[in-house]
Amino acid sequence: MDVDSDGWAEKCLSGTWGDGASPRYSLNNSNVTSICSGDAVLIYANWTDDVALNYSWLSTNETGQWKNYTANYGSPIDINLTSGQTWSNFTWKNSSVTGGTTVAWRIYANDSSGNENVTGDMTFTLQSSWLEVNLVYPPGGTTTDIDQNSTFTVNASVYCRGCDCGNVNGTIRYNASSSNPDTAINTTTGDKPFFVQESSALAMKQCPTNPLSENEFCNISWTINATGNYINSWLIGILFNSSQTDVTQNHTGNATKRIVECLDSVSFAWNSIDFSTLVPSTNYNKALGNDNQLYNITNLGTCTLTVWIKGTDLQNTSLQYPNTIAVGNLSWSNTTNVSMSSYNMTKNYVILNSSFTPNVLNITTYYWLSVPAVWAGRYNGTMTICTNTSQQSGIVDNCV
Amino acid sequence: LQGEVQAISLGTTSEGTYAEVLRGETAKFTILLWNSENASFPVRFNIFQIPNGLTVIINPKELKLNYSKVTTFPAERGRHYIDTKQGLMKTTPVDVLVKVPNNFQIGEYDIYINIVAGEITAGVSTLFEKTLKFTVKVISYRPKSTTTTIKIVEEPVTVDKITGMVTRTFFNPYLIFITLLVIVILFVVWRIYKNE
């Protein structure tokens, strides 16, 4: 040992005053900067010291205040340079911090001499989850007519985006008291303007695939009875909610349902009647489709209809007189393929069926043509069938 | 042999059949058509009956109505659909514009439009017809906003029953305080001035 004039040992001096420097950090970072709520983050820094590192601890700002952890996230940890450990690693995980929060962090360390240092502030963010919703049927933004007292299906889908969404439910609503859907559709049978017509009727239904993970989707359907007055229009939409408070509720686009008294739709199975080649001065030549019951009229709608029929003369103007088969030579029947019970066609409408209800499958009609003494040639004419109903406003009571 | 025949399936409704219209303006109705059969057919519109002086424009006046069943989604926004037993049908709109002259008589007028489906071919052609009625009410003015009328009901005063009357003047305490304060200040100033 070297001893100076004052008697102090140089080694002793250097031992006492040599560790005046604070620990130095490097490579401070986190393994991710964006996580979902409940996920873990590895936070780390590398430390060096002139003599010996002692402890390292984590400090975070999760709620607006910095907090040093001494018994959480693995903090503090004993980092002893002499034993070769230079990394301070903490695993942050806190399910109570909700999506959308930015968490700031820094790491402190001290050495055996009590010198302390802290890393710069760094952050990571907890992503928010959101619900991506879609009104599948009836399509959002459209108007659909529906018969009064008939049922229709409403179908909506929801995707969980961002992170996990927890348990998700959908509520079917209509615009009872404002311009947009605001009220859940009732489950009481007969309630107006709609009620959920299902065995265990629910306006709010849980996703069958709950809980929804990120990018998982579910589809919910309702069967709704339209009991409201006609002609009234209502907006329908689905409100999706999550059990997680940080997942914002989302509403689908709306579809308009117009409740009507009935739907007017008729189908005719033919567009012309062919009698083939006929001989003059023959009576009641039957149309080619009579035997096959081709001339069917079907009520595809839900209105009760009145069906009318009229015709024109059959003519060939390129021939010399007599070139006309008067309309009365064309005869029709709405009951049987027997000409004896047929009616002569007229130029004004006459009723073919006065109560063509939707539950009747169809009306089969039959036609015959009597050919007077006319010149040979192709004769053309028109037969018109008209339908009307008193159940739908705007459609006139009779055909003229 | 029976030639090939074509089925015709015509569904009709309208977006309203009654409209109020100012003189000099135009009312608009929309006829909605759909076809439940997988075959196209022509449809044409005829103005069957209109009051003299009204101008009616139908757009389009004829069209080919295609199969209306919706088979692919998404459906078109803004479109009108029909929920039928045969499935969801996308309607084809036809506009009916009723132009009212400036000097037209006020009142209600009916307009009849014939819809004819099918076409005239050889032999006995079969056409299918439907008549729609639209009503316009011609008015001279349209109220811009709703006016709320406040009815003030006053209790009648029965003079005979008044046997005496007490009149009380209400003073604002704050005003009294300010006034007194100003008087006191003026008085103090006056005293100081007098003493000098």
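Which side chain meets Lys205(A) in a salt bridge? Select Lys205(A) and Glu198(A): their side chains form the pair, at 2.9 Å from N to O. A salt bridge here is a side-chain nitrogen of Lys or Arg within 4 Å of a carboxyl oxygen of Asp or Glu.

**Before going on.** This is a predicted model, where local features need pLDDT of at least 70 and side-chain atom pairs count only at pLDDT 80 or more, while totals for chains, interfaces and linings use all residues. Residues are numbered from 1 along each chain as its sequence is written, chains are lettered from A and ligands numbered from 1 in the order in which they are written, and side-chain values use heavy atoms, with hydrogens and water left out.

**Stay on the pair.** Colour by relative accessible area (buried under 20%, exposed over 50%, partly exposed in between; 1.4 Å probe, protein chains only). Lys205(A) counts as buried, at 16%. Glu198(A) counts as partly exposed, at 23%.

**Zoom out to chain A.** Its C-alpha atoms fill a box of roughly 155 × 45 × 30 Å along the principal axes. The radius of gyration is 43 Å, whereas a compact globule of 400 residues would have one near 21 Å. That radius is taken over C-alpha atoms, and the globule rule is 2.2 Å times the number of residues to the power 0.38.

Switch to cartoon. Chain A shows 1 helix and 34 strands. These are DSSP runs (helices: H or I, at least four residues; strands: E, at least two), numbered from the N terminus. Buried residues make up 47% of the 400 in chain A.

**Show charges on chain A.** There are 15 positive and 29 negative side chains, and the centres of the two sets lie 20 Å apart. Lys and Arg count as positive, Asp and Glu as negative; His and the chain ends are not counted. Each charge is placed at NZ of Lys, CZ of Arg, CG of Asp or CD of Glu.

**Next, select Arg161(A) and Glu132(A).** Their side chains meet in a salt bridge, 2.9 Å from N to O. Arg161(A) lies in strand 13 (residues 150–161) and Glu132(A) in strand 11 (residues 130–137), so the pair ties together parts 29 residues apart in sequence. Glu132(A) is partly exposed, at 36% relative accessibility.

**Finish in chain B.** Select Lys28(B) and Asp95(B): the closest N and O atoms of this salt bridge are 3.8 Å apart. Lys28(B) sits in strand 3 (residues 26–34) and Asp95(B) in strand 9 (residues 92–99), 67 residues apart. Asp95(B) is partly exposed, with a relative accessible area of 22%. Over all chains, the structure holds 10 salt bridges.
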